[in-house]
Amino acid sequence: MSATRKLPTELDAVIVGAGFSGLYQLYKLRNLGMRVKVVEAGSDIGGTWYWNRYPGARCDVESMHYSYSFDPELEQEWEWTEKYPSQPEILSYIHHVADRHDLRKDVVLDTKVTAAHYDEDSALWTVRTESGDEVGARYCIMAVGCLSVPKKPEVPGLERFRGDWYHTCDWPESGVDFTGKRVAVIGTGSSGIQAIPIIAKQATELTVFQRTPNFSLPTFNGPIDQGMVADIKSRYREIREESRQSGFGVAIEPPTRSALEVDPDERHHNYEERWRRGNLTGVLQAYTDLLADEEANETAAEFVRGKIREIVDDPETAEKLCPKTYAFGTKRPCLDTGYYETFNSDHVQLVDLKETPLVEITGSGVRTSDREYEVDSLVLATGFDAMTGALLNIDVRGRGGQTLREKWQDGPALYLGLNPAGFPNLFTITGPGSPSVLSNMIVSIEQHVEWITDLVDHMRSSELRTVEATETAEKEWTDHVREVGDMTLYPKTDSWYMGANVPGKPRLLMAYLGGVGPYWQKCQEVAANDYEGFALSA
Ligand code: FAD
Ligand code: N01
């Protein structure tokens with residue numbers, strides 16, 4: 001046993017990850033009277049909101065909806081200050097929840113899980129940490145996050161760079177002051193788009209390296225509207241239920257018409273009104289077919305391009321910022337505060353990497369095929385090895401010693417996005433094959449945690465020892481996820497949803513697009529039918 005052992009040798013359940021998922025799972029399993037610990041690699045709880053401290057980091061689901069629903073007193077008491085909460089505010093909310101429910105005492109920090117091996121005789125998981133500690137547990141719950149493994153740019157030379165460099169998702173806790181610095185940002189996804197306007201305010205020169213332009217809409221963020229807060233708080237239960245039954249985990253009026261059956265002027269006015277709402281679902285959910293029909297999608301895409309051309313003074317820069325190679329919404333669209341306006345400042349320049357590709361990082365900056373850009377600081381906003389990265393970083397072995405990496409060599413396969421066949425008593429929260437990243441994640445997290453908890457409770461009360469998806473159920477579900485995805489425009493776009501941002505990763509749509517409500521209904525039906533598709537044994 002290691003001298004500094006932080007974990008007991010035996011537990012009922014080990015949860016990996018102390019973000020929204022792991023903390024809620026801890027709360028629920030502890031309430032069943034189980035011996036549970038959360039193991040977290042970071043030095044504090046919070047997950048995404050602990051790691052992503054870059055300037056401008058905030059959520060783009062409105063604060064009243066991006067919050068736990070399980071504690072009605074908490075949702076009445078907690079006061080959000082802005083329409084869209086900032087990273088520090090979400091982190092203090094998570095800390096508040098942890099304190100309120102005394103969760104910290106069962107979280108082991110600064111401890112990375114390196115392996116989880118299943119033993120068929122004992123039906124126990126042995127979970128191993130980087131420091132060599134081992135713990136045996138009946139259940140192993142992976143709450144490792146879909147966006148928790150940073151991806152660096154695939155260009156050589158970072159180790160030679162003499163200035164400071166930062167990845168947006170591993171930002172120094174003390175913050176970074178770019179005043180007086182020449183700064184380069186590589187990447188124009190949501191993280192880059194949030195950080196760029198703020199870095200531009202500090203830096204003397206800012207060079208943005210863009211490989212693919214993104215569609216971004218304004219947040220119109222500001223102090224939260226107290227009338228809206230009072231209204232939502234007066235009917236929170238009903239709103240939460242509507243969110244659970246909705247398509248993307250946020251209750252909205254679903255669209256009823258095709259974009260192509262509407263007169264162009266009326267359509268433009270509709271987009272204009274929805275643009276001013278300052279949210280993602282407004283324009284994206286204006287018509288039924290925006291995510292399924294290229295011609296319909298083009299009407300929304302061209303509307304957003306029109307906005308970019310209006311905002312950006314220099315027509316050449318504006319054209320470079322206009323996405324033209326994929327459908328609006330099929331790469332995660334962004335919400336920003338002053339992103340396009342930033343390119344009207346003389347000290348900000350845009351480098352189009354499609355015209356002049358990135359060649360290397362040098363000792364003093366960034367070299368493209370055209371020239372070298374000398375900078376003092378480099379910000380990598382290059383995203384994540386999403387959805388499978390954190391799971392495959394752990395040496396997970398199921399029945400017969402099969403590794404998850406072997407099982408998933410052609411892409412992730414799980415039943416309901418919850419359990420891979422051959423890996424009994426192992427669950428993934430918001431795993432591939434569930435609505436996950438294509439939803440308001442808190443709604444999907446709560447659904448998964450509650451479903452897993454009910455199953456574990458059922459196992460215990462029925463004196464059952466193992467539960468695992470059957471190969472047939474897993475295959476049917478995985479095929480269904482693919483078929484539903486193929487009815488949309490998503491698979492046509494190279495995005496991280498498709499695994500296309502990581503060289504060599506299997507290319508397939510990893511999240512389920514059937515909608516949060518229908519998915520939840522399916523999970524409930526499975527449970528009601530004696531966990532149909534799962535093999536349960538004593
Ligand atoms: P995480 O918060 O990612 O937590 C997982 C934890 O597991 C991490 O702390 C990690 O350190 C730990 N971990 C991983 N592997 C190991 C290991 N081997 N050993 C030990 N610990 C490990 N979602 C939305 O719905 N709306 C938004 O507006 C939104 N904004 C986002 C903004 C940013 C910048 C990012 C990166 C994501 C955003 N998301 C958003 C998605 C966000 O990840 C989820 O909403 C949610 O916070 C995920 O919680 P989680 O607990 O599942 O995962
Ligand atoms: O990552 P991304 P992110 N050379 O993958 C570029 C959530 N989130 O951290 O598109 C050059 O979207 C890459 O280019 P390309 C949200 O779900 C939410 O920004 O691959 N460029 C792209 O421009 C989001 O979708 C918020 O061609 C390279 C960028 O880097 C997810 O997290 C805020 C490159 C990466 O964009 C990920 O967002 C932040 C290379 N080798 C995050 N490699 C909210 O606002 C990558 N790029 C809620």
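Is S436 buried or exposed? I found S436 buried, because its relative accessibility is 0% (buried means under 20% relative accessible area, exposed over 50%, partly exposed in between, with a 1.4 Å probe and protein chains only).

Before going on, I noted that this is a predicted model, where local features need pLDDT of at least 70, side-chain atom pairs count only at pLDDT 80 or more, and totals for chains, interfaces and linings use all residues. Residues are numbered from 1 along each chain as its sequence is written, ligands are numbered from 1 in the order in which they are written, and side-chain values use heavy atoms, with hydrogens and water left out.

Backbone entry. I see that S436 has a positive phi of about 40° although it is not a glycine, and I place S436 in the loop between β18 (426-428) and α15. I count F220 as partly exposed because its relative accessibility is 46%.

Ligand entry. I listed 33 residues around ligand 1, and S21, E40, T48, D60 and Y66 come nearest (a residue is near if one of its heavy atoms lies within 4 Å). By class, I have 19 nonpolar, 11 polar and three charged residues in that shell.

Contact entry. I noted a polar side-chain atom of E40 at 2.7 Å from an oxygen atom of ligand 1. A backbone N or O atom of A41 lies 3.0 Å from a nitrogen atom of ligand 1.

How values were computed
A polar contact is a pair of N or O atoms within 3.5 Å; within protein, one must be able to donate a hydrogen and the other to accept it, and residues adjacent in sequence count only if both atoms are side-chain atoms. Ala, Val, Leu, Ile, Met, Phe, Trp, Tyr, Cys and Pro count as nonpolar, Asp, Glu, Lys and Arg as charged, and the others, Gly among them, as polar. Helices (H or I, at least four residues) and strands (E, at least two) are DSSP runs, numbered from the N terminus.
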